[in-house]
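These are my notebook entries on one structure, written for a reader who is new to it. Each entry records what I looked up and what I found.

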Amino acid sequence: MVAAGWDCADTLRMLPAIPHDCRVIVIEGIPGAGKTTLARQLEQGVEGRPVASFGESALLHGWKHAYLPGIHGLRVQLHQSVLDRIEAEPHDGALFVLTRFHLSHVLLGGDSTAVGYRHILERLAGLHAHVLVPVVPDDEIEARASHPDRDDWQWRAHLQRRMADTGCNDLRGLYGRYQAELLGLLEAQPLSYTTLPPLSP
């Protein structure tokens, strides 16, 4: 379901409703959707619960990781280790926020049928994980995904390779396709989820 008119204040109002047995929040979404903003709101707004956050680079989902040899296997191993850490946490009220995790792994070329990936899903379900996905309207994708702060030769080369691999000609096509695939995976995976409008930085 999409929460109409969502903003950061609404995010804070939502936080007390997170069930106590929810140990993990996974944040997914395309570049510019507000994943980092949402993670910050969660870190600051969960009353009475300590929050630990793992950003996308900490989980090997940064764009510079995309074409590293063996990255998919490394991600599965790291994700299993992060889940080990969460399951071993002695504070039973702790909440862990993971920016880009199991769904991004599949979208970036990981095998969703592999035993390791299925095990990750089972463990997330046991932790009562919930997925939050800010969804960007098609006409905003180009502007939000541009990331002018990344405008160097490495970023441009990365985008050119992504577009060549996907047959897309521009950011709207590339990330519109990525978002559509993400929403399809979201419905197919066994975890509860909420989609919401994009958040501003």
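I began with W155, which counts as buried because its relative accessibility is 3%; buried means under 20% relative accessible area, exposed over 50% and partly exposed in between, with a 1.4 Å probe and protein chains only. The model is a predicted one, in which local features need pLDDT of at least 70, side-chain atom pairs count only at pLDDT 80 or more, and totals for chains, interfaces and linings use all residues. Residues are numbered from 1 along each chain as its sequence is written, and side-chain values use heavy atoms, with hydrogens and water left out.

How many aromatic pairs does a search of the whole structure find? I noted 1. W63 and W155 form this aromatic pair, edge-to-face, at 5.1 Å centre to centre and with 70° between the planes. For the term, rings of Phe, Tyr and Trp (its six-membered ring) pair if their centres lie within 6.5 Å; planes under 30 degrees apart count as stacked, over 60 as edge-to-face and the rest as tilted. W63 lies in the loop between β2 and α3 and W155 in helix α7 (residues 153-166), so the pair ties together parts 92 residues apart in sequence. Helices (H or I, at least four residues) and strands (E, at least two) are DSSP runs numbered from the N terminus.

I found R161 over the face of Y67, at 3.6 Å from the ring centre. The criterion is that NZ of Lys or CZ of Arg is within 6 Å of the ring centre and within 35 degrees of the ring normal.

In what order do the strands of the open sheet run? I recorded β2-β3-β1-β4-β5, 5 strands with parallel pairing. The edge strands are β2 (51-54) and β5 (192-196), each pairing on one side only. Neighbouring strands of this sheet are turned by 20° against each other on average, direction ignored. Helix α3 (residues 71-88) packs on the sheet and touches β1 (24-27), β2 and β3 (95-99); the direction of α3 makes about 165° with that of β3. Contact means heavy atoms within 4.5 Å, and axes are lines fitted to C-alpha atoms, for helices over the stretch in contact, with angles from 0 to 180 degrees between N-to-C directions.

Entry 5, strand β4. β4 (residues 130-134) pairs with β5 in the parallel sense over 5 bridges, and V133 stands opposite T195 in β5. β1 and β4 also pair in the parallel sense, over 3 bridges, with I27 opposite L132 in β4. Two strands pair if DSSP finds at least two bridges between them. Why is β4 largely enclosed by the rest of the structure? The reason I noted is that 5 of the 5 residues of β4 are buried. H130, L132 and P134 point one way from the strand and V131 and V133 the other way. In a regular strand the side chains alternate between the two faces of the sheet.

Most residues other than glycine have a negative phi. I found R100, not a glycine, with a positive phi of about 70°. R100 sits in the loop between β3 and α4 (102-107) and is buried, with a relative accessible area of 10%. H128, also not a glycine, has a positive phi of about 55°. H128 is in the loop between α5 (115-126) and β4 and is partly exposed, with a relative accessible area of 41%.

Is L42 buried or exposed? L42, in helix α2 (residues 35-45), counts as buried because its relative accessibility is 0%. L42 and S53 are 11 residues apart in sequence and 9.0 Å apart in space, C-alpha to C-alpha. N169, in the loop between α7 and α8 (171-188), counts as exposed at 74% relative accessibility. R177 is in helix α8 and, leaving aside its neighbours within four places in sequence, is in contact with T166, C168 and R172.

The protein chain averages a pLDDT of 89, and 91% of the residues score at least 70; pLDDT is the predictor's confidence in each residue, from 0 to 100. Over residues 1-6 pLDDT stays under 50, and the model has 14 contacts beyond four places in sequence for them.
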